[in-house]
Amino acid sequence: MSQSVHVRAFRDLLDSGGVVENPERIAAYTTDQRQLFTGSTFAVLKPATTQQVADVVRLAAHYGIGIVPQGGNTSYCGSATPDASGTQIVVSLERMDRIREVDPVSMSISVDAGAILKNIQDAAAAAGLLLPLSLGAEGSCRIGGNIGTNAGGLSVVRYGMTRDLLLGIETVLADGTVVSDMRKLRKNNTGYDVKQCFVGSEGTLGIVTGAVLRLAPLPTRRATAWLKLASGAPLAELLALVRRESADLLTAFEFMAARSIALATDAMTDPPSLGAGPAGAVLVEFASSSRHLDLDELMEAVLAEAIEAGWLDDALLAQSGSQRTAMWRLRETIPEGEKRRSGSVKHDISVPLSSIRRFLDLAGAQVRSYDANLELSVYGHVGDGNLHYNVLVPPNVDRLEFTKRIEGSLSLQLYDTAAALGGTFSAEHGVGRFKKHLLERYGDPGRIAAMRRIKTAFDPADIMNSGAVVRPLDETPGS
Ligand code: MLT
Ligand code: ZN
């Protein structure tokens with residue numbers, strides 16, 4: 001049966017805005033966020049309800065058509081991009097963007113999977129609550145994608161990853177079955193935690209259509225400081241001190257090397273002059289919903305201890321909301337700074353906190369011996385053991401060729417080092433299509449076997465995002 005017949009059948013299920021065939025409009029859905037890969041599709045489907053998603057999936061399953069679920073298309077690992085075959089359809093959740101309910105008493109929010117993260121944060125804030133998931137792409141990423149990749153971001157040290165915020169889920173399985181488990185319960189020990197299967201599944205097990213998320217009290221007070229690290233400053237010990245002495249009021253502990261700060265500064269029209277110490281800088285933030293805690297005083301006392309220990313050359317405490325915002329803008333502009341310069345090859349590694357310093361030393365030596373002229377941009381959520389250890393693309397070099405060369409050589413050395421220290425090649429960006437070979441290389445065989453069994457149990461015909469994350473059981477390696 002031809003693709004035009006299939007499109008007609010999907011059209012019969014959806015309303016006029018529900019099927020996009022125009023190649024110009026389709027283009028935005030077939031290239032990944034980092035513009036490393038362009039796939040192909042014959043149609044983008046935009047269901048508006050869970051029932052429509054179920055109908056679409058059932059029909060696709062009937063015809064044996066592969067489905068690539070897509071939220072904001074902000075994946076760094078190509079997990080929302082169709083392959084080049086032109087046989088997969090993209091199912092975009094962008095029309096399913098409703099906030100279904102905010103429950104201030106249960107401290108939860110129920111949303112469609114296509115809701116933009118920032119809109120969910122705003123809806124929670126309007127009720128005096130915090131959705132404690134915050135990341136650079138929050139203005140365009142959608143919560144279904146955040147669930148699919150188990151997104152991390154800037155406040156994991158206090159609140160955990162997306163996984164930790166998920167109370168309930170609504171999902172369409174690969175045969176069109178709707179799993180409706182939109183509960184607000186903190187406690188529900190009734191067998192397998194099915195919703196957690198979908199966290200990190202990157203659309204390979206089904207399509208998330210709705211979610212219930214845990215909220216926290218909205219902070220009313222914050223203390224934010226920019227720490228200039230002295231030479232040899234021990235990051236893990238500094239973090240331990242800050243956590244302990246703040247009674248774990250820490251909400252962010254973001255490390256930045258001087259080069260990353262300079263890149264962000266170059267990309268800003270009105271950059272704050274914050275700078276770095278010899279070992280870089282750390283943005284530290286405490287937050288509390290209580291009006292009775294003096295966080296500035298607490299921060300000053302904690303930083304005095306760190307200075308006393310010889311770990312800081314200087315520390316600047318934000319004196320106003322605008323100073324705080326400027327500190328965060330500098331941190332959050334680093335990815336844009338890399339992009340404006342000429343791009344970077346990203347390594348989203350994490351290692352146990354006790355091995356952060358060792359990783360930095362070993363990886364630095366590896367980069368220097370690979371090519372002493374390479375420049376690095378190193379920053380990240382060190383509070384979670386997560387570093388963005390990015391190799392800058394040299395100016396006037398083809399970005400894609402350079403990326404391919406580095407990913408086939410130096411990247412593997414860096415990942416080997418992270419793995420040898422008990423770490424991982426993907427801390428918060430996922431696996432998708434781009435890192436599937438890394439999962440095969442570094443994943444525990446037993447764990448991969450379990451993942452393949454789960455994939456096969458949920459999606460025996462391999463319809464859901466085929467080619468991403470993991471192969472089902474009956475496929476041969478490399479396929
Ligand atoms: C960040 O922490 O800024 C992102 O995860 C990394 C990136 O955007 O490259
Ligand atoms: Zn990050």
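The structure is a predicted model, in which local features need pLDDT of at least 70 and side-chain atom pairs count only at pLDDT 80 or more, whereas totals for chains, interfaces and linings use all residues. Residues are numbered from 1 along each chain as its sequence is written, chains are lettered from A and ligands numbered from 1 in the order in which they are written, and side-chain values use heavy atoms, with hydrogens and water left out.

A pair of aromatic rings is described by the distance of the centres and the angle of the planes. Rings of Phe, Tyr and Trp (its six-membered ring) pair if their centres lie within 6.5 Å; planes under 30 degrees apart count as stacked, over 60 as edge-to-face and the rest as tilted. Five aromatic pairs are present in the structure. The ring centres of Phe359 and Tyr389 are 5.3 Å apart and the planes stand at 80°, so this pair is edge-to-face. Helices (H or I, at least four residues) and strands (E, at least two) are DSSP runs, numbered from the N terminus.

Tyr415 and Phe425 also form an edge-to-face pair, because their planes lie at 75°, with the ring centres 6.3 Å apart. This pair, too, links distant parts of the chain, ten residues apart, with Tyr415 in helix α16 (residues 410-420) and Phe425 in the loop between α16 and α17 (436-442). Tyr415 is buried, at a relative accessible area of 6%, and Phe425 counts as buried at 8%. Ring pairs join Tyr415, Phe425 and Tyr442 into a cluster.

The residues around ligand 1 (a heavy atom within 4 Å) are Tyr76, Arg331, Pro335, Lys346, Tyr379, His381, His388, Glu428 and His429. Within this shell, three residues are nonpolar, three polar and three charged. The charged end of Lys346 sits over the ring of Tyr76, 4.7 Å from its centre; this term requires NZ of Lys or CZ of Arg within 6 Å of the ring centre and within 35 degrees of the ring normal. An N or O atom in the side chain of Lys346 lies 2.5 Å from an oxygen atom of ligand 1. For Glu428, the corresponding distance from a side-chain N or O atom to a ligand 1 oxygen atom is 3.0 Å. Ligand 1 taken alone exposes 260 Å², of which the protein buries 86%.

Technical notes:
Buried means under 20% relative accessible area, exposed over 50%, partly exposed in between (1.4 Å probe, protein chains only). A polar contact is a pair of N or O atoms within 3.5 Å; within protein, one must be able to donate a hydrogen and the other to accept it, and residues adjacent in sequence count only if both atoms are side-chain atoms. Accessible areas come from the Shrake-Rupley method with a 1.4 Å probe; for residues, only the protein chains shown count as cover. Ala, Val, Leu, Ile, Met, Phe, Trp, Tyr, Cys and Pro count as nonpolar, Asp, Glu, Lys and Arg as charged, and the others, Gly among them, as polar.
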